[in-house]
Amino acid sequence: MKDVVFLTDQLGRGGAETQLTRIAAALRRRGWEVGILSLFPRNDFEAELREAGIPLVVCEPSRLPDDRPLIPFKMTWRLVRQLRKWRPPVLITFSYHSDVIGRVCGHLAGVPTIIGSLRTA
C-alpha cells in the first residue's frame, strides 16, 4: 500500500516535473510510501527516483496502426489496475491530462481522495 500516489503526463525536465520529484523524494525521506504513475514514458528523473526508492509505473497508451495514440482504453485500465494494486488513500494529479484521466481512474479504483494539482496553463 502506498500513502500517496502522484499521476503526471510525463517526467521531462521541467518545472512541474521537478516539483513533483522533489515533493515525492521529501515525503519518502520522511517515511511515506510514495508511488508515481506517468501517462507517457519520458523520464529525465530516473536516477533521482531510483536513489529515493520511489517506484515509477508508465501507463503508456496503446497505438493505432498509423501510430496515433489510443489513449483512453488500455491506459485507463492500466491506471486503474495499478491504483488498485497500490491502494493509496490519496491520488494527486500533476497536470491537465493526468487530472482528467486521474479523476476517472481514481474513482474507478476506489481511491478515497483525489486532488487535482494543475501547475501549468
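Visitor: What does buried mean here?

Guide: Buried means under 20% relative accessible area, exposed over 50%, and partly exposed lies in between (1.4 Å probe, protein chains only). This is a predicted model: local features need pLDDT of at least 70, side-chain atom pairs count only at pLDDT 80 or more, and totals for chains, interfaces and linings use all residues. Residues are numbered from 1 along each chain as its sequence is written, and side-chain values use heavy atoms, with hydrogens and water left out.

Visitor: Which residues of α1 are buried?

Guide: Helices (H or I, at least four residues) and strands (E, at least two) are DSSP runs, numbered from the N terminus. In α1, the buried residues are A16, E17, T18, L20, T21, A24, A25, A26 and L27. Their cover includes β1 (4-8), β2 (34-38) and α2 (46-52).

Visitor: How do strands of a sheet pair?

Guide: They pair through backbone hydrogen bonds, either parallel or antiparallel. Two strands count as paired if DSSP finds at least two bridges between them. Here five strands form an open sheet, ordered β3-β2-β1-β6-β7, with parallel pairing. β3 (56-58) and β7 (113-116) are the edge strands, each pairing on one side only.

Visitor: Which residue is the bridge partner of S38 in β3?

Guide: V58. β2 and β3 pair in the parallel sense over three bridges.

Definitions and conventions:
Contact = heavy atoms within 4.5 Å.
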